[in-house]
Amino acid sequence: MSEVETRKYTGAFGIVASLLIIVQVPLYFIYPAAPPDWNILTRSLVGITGCTLFLVFFSGVRQIVRQADAGFEWVGSVAQVAGLVWVAMVFVPQSMEVGAAISVDRDIDTTTEGPFAAAQYLMQGGISRLLMALFAIAFGFAVLRLGLLPKWVGRTAYVLAAVNLAFLPAVYFGDDAADFYSAQGWGTTASMGALWSIWTLAVSISIARSAGRVEAATITGAEREHAEHATA
């Protein structure tokens, strides 16, 4: 697959995946008390669909880095692996939430209640924050060193990494979901998910748009080479 096609598909899948996660986040807040099962099932299905599409996005990022400079493929691989493991970390708690909603015969808040709630804290909190940070650092490094995308992409990737790492100590501040800064707080989980999806949406749009610039540069280079051969 050519670099132009890789960027087009990576950007397109990233845009759709990001939009799905953006849609998912508000579904956690539309009920002040325990949500009905349909809400939990719907938001989980939206989330896992978005994360499945992110698998293509992460693989595309690695390929874009490799196509730009094969010597930096290991950096692209780090970003890809961090992204893939993050998806796995999302799949597990989503499955736990759906399982709790189906198995319990009353409405419960599956993020804080039920047999699997406490097991989700690190996966939705600290582990996800570390994986997002690792992806952002590797991706930002590749962007700034290779000029893959505008510099704002690399710089904001480092900012995103720093914000994610700032939430690691939240594990020491209890598990009240109503708190901004706690193991299961809305800042540690939902707000970071929203920030992540908004950032990946902007980055995906930039990747998709970069395909046109790469294509134009390729055509210009080919024309220049043809002209040089013609005058030789």
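**Aromatic residues, outside and inside**

Tyr172 counts as exposed because its relative accessibility is 72%, where exposed means over 50% relative accessible area, buried under 20% and partly exposed in between, with a 1.4 Å probe and protein chains only. This is a predicted model, in which local features need pLDDT of at least 70 and side-chain atom pairs count only at pLDDT 80 or more, while totals for chains, interfaces and linings use all residues. Residues are numbered from 1 along each chain as its sequence is written, and side-chain values use heavy atoms, with hydrogens and water left out.

Tyr172 lies in the loop between helix H6 (151–166) and helix H7 (187–231), helices being DSSP runs of H or I with at least four residues, numbered from the N terminus.

The whole structure holds 21 aromatic pairs, in which ring centres of Phe, Tyr or Trp (its six-membered ring) lie within 6.5 Å, with planes under 30 degrees apart stacked, over 60 edge-to-face and the rest tilted. Phe135 and Phe139 are stacked because their centres are 5.6 Å apart and their planes at 15 degrees. Both are buried, and both lie in helix H5 (residues 126–146), four residues apart. Phe173 and Tyr181, by contrast, pair edge-to-face, at 5.4 Å centre to centre and 70 degrees between the planes.

Conventions:
Helices (H or I, at least four residues) and strands (E, at least two) are DSSP runs, numbered from the N terminus.
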